[in-house]
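Here is a short briefing on one chain. Keep the sequence and the coordinates at hand while reading.

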Amino acid sequence: MFFKATSNMEICCSFAALKTNKCSHLKNCSSSVSKFILLGFPYTWGIQILLFSIFSGIYILTLIGNRCIICAVRWDPQLQTPMYILLASFSFLEIWFITSTVPNMLANILSETKIISFSGCFLQFYFFFSLGTTETFFLSVMAFDRYLAICRPLHYPTVMTIQRCIRMGTCCCACGFLYFPLPIYLISQLPFCCLNKIDQFICDPGPLIQLLCVAAPAIEIICAIYNSVLIFSTLIFITSSYTLVIRAVLRVPSAEEWCKTFSTCSSHLAAVSLFYGSLMVVYVIPTAGSAAGKQKYVTVLFCVNSISQPLDL
């Protein structure tokens with residue numbers, strides 16, 4: 001009887017010690033994580049040089065293309081209309097959006113360490129998502145502008161003035177940068193394990209959540225809700241706008257007007273479809289149990305689509 005009581009006591013003490021050591025180890029890990037390692041693309045050196053050449057070439061061409069659009073709208077008085085002002089603003093936004101991820105990705109391809117600091121990771125996380133959110137709002141405003149121009153041409157000059165266009169753009173930027181601070185803050189306050197390797201080329205919420213030392217299903221649900229509300233609300237708005245546009249065009253008897261309108265909208269619709277399709281695959285579907293490689297390459301598709309999107313528009 002005494003032996004049994006002693007054994008139970010030893011078991012309880014051992015369990016308490018194990019729990020204490022685990023908590024201590026968890027605390028040490030979470031406090032020592034000051035950097036992350038972005039694994040990127042684990043290919044041979046030759047393939048990484050090829051990827052660096054392709055991505056850097058596309059990045060430079062995109063910067064040149066967006067700056068040409070901005071300069072053309074700035075210098076040509078005939079292009080200083082709401083539609084082209086929105087396009088120039090979107091091009092300016094796109095420059096910063098791709099710059100938030102692509103230069104660091106190119107540096108990591110050539111780097112042996114592939115290290116990013118803890119604060120740098122979450123800063124990239126914030127700017128990448130805030131700029132992407134602002135882009136979705138801008139796409140909605142651009143769809144609304146095309147709806148007014150095609151379906152309400154007589155009301156267009158009074159509704160879509162340059163001053164109102166600027167106010168709408170400012171509102172898009174403010175809402176975009178105020179949308180994601182809460183989930184980013186919540187993730188940054190959770191304890192991270194000592195294994196700080198992110199199987200991605202950017203600081204993405206899915207791989208970051210997988211590095212947590214504690215289960216955080218609530219955080220993942222909050223992120224999924226934030227992403228779903230943003231993506232589906234703007235997507236429904238854009239789809240509704242273009243549905244009304246297509247319905248108005250089908251009423252026009254002239255085949256020439258059909259071709260003109262559809263050629264104007266087709267590239268924008270294709271870019272929006274690819275943009276939102278990749279967004280939903282990466283940021284709406286829960287990350288738990290998802291293949292890291294699939295998420296990584298769909299993110300590449302999303303970034304490449306974002307790089308080429310202004311040229312399509």
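The points below go from the whole chain to single residues.

This is a predicted model. The chain holds twelve helices and three strands. Of its 313 residues, 43% count as buried.

**Whole chain**

- Among contacts with a separation of 6 or more, 81% are between residues 24 or more positions apart.

**Annotated spans**

- An unreviewed UniProt entry carries the annotation "transmembrane region". According to that record, it covers residues 45-64, 84-103, 123-144, 165-187, 207-225, 230-249 and 269-286.
- Residues 230-249 are 100% helix and 0% strand. The end C-alpha atoms of residues 230-249 are 29 Å apart.
- Residues 207-225 are 68% helix, with 0% strand. Here the end C-alpha atoms lie 18 Å apart.

**The sheet**

- Three strands form an open sheet in the order E2-E1-E3. The pairing is mixed.
- Strand E2 (115-117) and strand E3 (197-198) are the edge strands. Each of these edge strands pairs on one side only.
- Strand E1 covers residues 35-38. E1 and E2 run antiparallel and are joined by three bridges.
- Across from Ile 37 stands Ile 115 in E2.
- In general, the strands of a sheet pair through backbone hydrogen bonds, parallel or antiparallel.

**Leu 208**

- Leu 208 sits in helix H9, which spans residues 205-210.
- Is Leu 208 buried or exposed? Leu 208 counts as buried, because its relative accessibility is 0% and the cut-off for buried is under 20%.
- Leaving out residues up to four places away in sequence, Leu 208 touches Phe 36, Cys 121, Phe 122, Phe 125, Phe 192 and Ile 198.
- Take one of these partners, Phe 122. Leu 208 and Phe 122 are 86 residues apart in sequence. Their C-alpha atoms are 9.9 Å apart in space.

**Leu 110 and a surface patch**

- Which residues make the nonpolar surface patch of about 290 Å²? Trp 45, Ile 49 and Leu 110 make it.
- Leu 110 belongs to helix H4, residues 102-110.
- Leu 110 has a relative accessible area of 37%, so it counts as partly exposed. That value also meets the patch requirement of over 30% relative accessible area.

Note on methods:
Residues are numbered from 1 along each chain as its sequence is written. This is a predicted model: local features need pLDDT of at least 70, side-chain atom pairs count only at pLDDT 80 or more; totals for chains, interfaces and linings use all residues. Side-chain values use heavy atoms; hydrogens and water are left out. Patches are made of residues with over 30% relative accessible area and no salt bridge: like charges are joined within 9 Å, nonpolar side chains (Val, Leu, Ile, Met, Phe, Trp, Tyr) within 5 Å. Accessible areas come from the Shrake-Rupley method with a 1.4 Å probe; for residues, only the protein chains shown count as cover. A salt bridge is a side-chain nitrogen of Lys or Arg within 4 Å of a carboxyl oxygen of Asp or Glu. Helices (H or I, at least four residues) and strands (E, at least two) are DSSP runs, numbered from the N terminus. Buried means under 20% relative accessible area, exposed over 50%, partly exposed in between (1.4 Å probe, protein chains only). UniProt positions are given in the numbering used here, feature names are shortened, and annotations may be inferred rather than shown by experiment. Two strands pair if DSSP finds at least two bridges between them. Contact means heavy atoms within 4.5 Å.
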